[in-house]
Amino acid sequence: ITLAVGLFCGYGNSRGGGGYNLGNYGAVDALLLVAGAAFHAFSTEVYFRAYWIRVLERYTRNAFVPILGSSLLYAVSYMTVFASWHSEKLPLWGFFLLFTGLGLLFGWGYSKSRSVYVAWGMHFLGVLNFWSYFRN
């Protein structure tokens, strides 16, 4: 699941989405970008999945509520980068829904596996615009 979701998201980045574009850099720079993407994805997933889902699970018996709550917090946190990622094709509400949906997907992976590494793998592979590296 992690590979399938991550590769699908990463492929989507190659069509003009966000993420780390590896195609415009040399090998050393690309490795640094991969390390940055790994850190970004891991720290984000530890905070939004491993921390927030566990905190919210204390207050509800419904398994979906903590996933939804952490996903909404995740989307709100990404509103801070909307101005730099803004495009005419994706308005603010679409940006919010995109990251809420990604949060639901990553949260589902975490919830089913109880491992932050599953959500991290999805996120890590999803932020890499790795297809562009192989095209150049």
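Colleague: How many salt bridges does a search of the whole structure find?

Modeller: The search finds 2. A salt bridge here is a side-chain nitrogen of Lys or Arg within 4 Å of a carboxyl oxygen of Asp or Glu. Please keep in mind that this is a predicted model, where local features need pLDDT of at least 70 and side-chain atom pairs count only at pLDDT 80 or more, while totals for chains, interfaces and linings use all residues. Residues are numbered from 1 along each chain as its sequence is written, and side-chain values use heavy atoms, with hydrogens and water left out.

Colleague: Which residue forms a salt bridge with arginine 49?

Modeller: Glutamate 45 does, and the closest N and O atoms of the two are 2.6 Å apart. They are 4 residues apart in helix 2, so about one helical turn separates them. Helices are DSSP runs (H or I, at least four residues), as strands are (E, at least two), and they are numbered from the N terminus.

Colleague: Are arginine 49 and glutamate 45 buried or exposed?

Modeller: Both are buried. Buried means under 20% relative accessible area, exposed means over 50%, and partly exposed lies in between (1.4 Å probe, protein chains only). Arginine 49 also has its charged end over the ring of tyrosine 74, 4.6 Å from the ring centre. For that label, NZ of Lys or CZ of Arg must be within 6 Å of the ring centre and within 35 degrees of the ring normal.

Colleague: And which residue forms a salt bridge with arginine 114?

Modeller: That is glutamate 57, with the closest N and O atoms 2.9 Å apart. Arginine 114 lies in the loop between helix 5 and helix 6, and glutamate 57 in helix 2, so the pair ties together parts that are 57 residues apart in sequence. Arginine 114 is partly exposed at 38% relative accessibility, and glutamate 57 is partly exposed at 31%.

Colleague: How many aromatic pairs does the structure hold?

Modeller: There are 13. A pair of aromatic rings is described by the distance of the centres and the angle of the planes. Rings of Phe, Tyr and Trp (its six-membered ring) pair if their centres lie within 6.5 Å; planes under 30 degrees apart count as stacked, over 60 as edge-to-face and the rest as tilted. Phenylalanine 42 and tyrosine 117 are stacked, because their ring centres are 6.0 Å apart and their planes at 25°. Phenylalanine 42 lies in helix 2 and tyrosine 117 in helix 6 (residues 116-127), so this pair ties together parts that are 75 residues apart in sequence. Tyrosine 78 and phenylalanine 99 also form a stacked pair, with centres 4.1 Å apart and planes at 10°. Tyrosine 78 belongs to helix 3 (residues 64-78) and phenylalanine 99 to helix 5 (residues 92-113).

Colleague: Which residues have the most contacts inside the largest nonpolar core?

Modeller: A nonpolar core is a set of buried Ala, Val, Leu, Ile, Met, Phe, Trp, Tyr and Cys residues joined through side-chain atoms within 4.5 Å. The largest has 16 residues, and those with the most contacts inside it are Tyr74, Tyr78, Phe95, Phe99, Leu102, Phe106 and Tyr110. Helix 2, helix 3, helix 5 and helix 6 each give two or more residues to this core, and the largest share, 5 residues, comes from helix 5. Apart from it lies another core of 6 residues, including Ala37 and Leu125.
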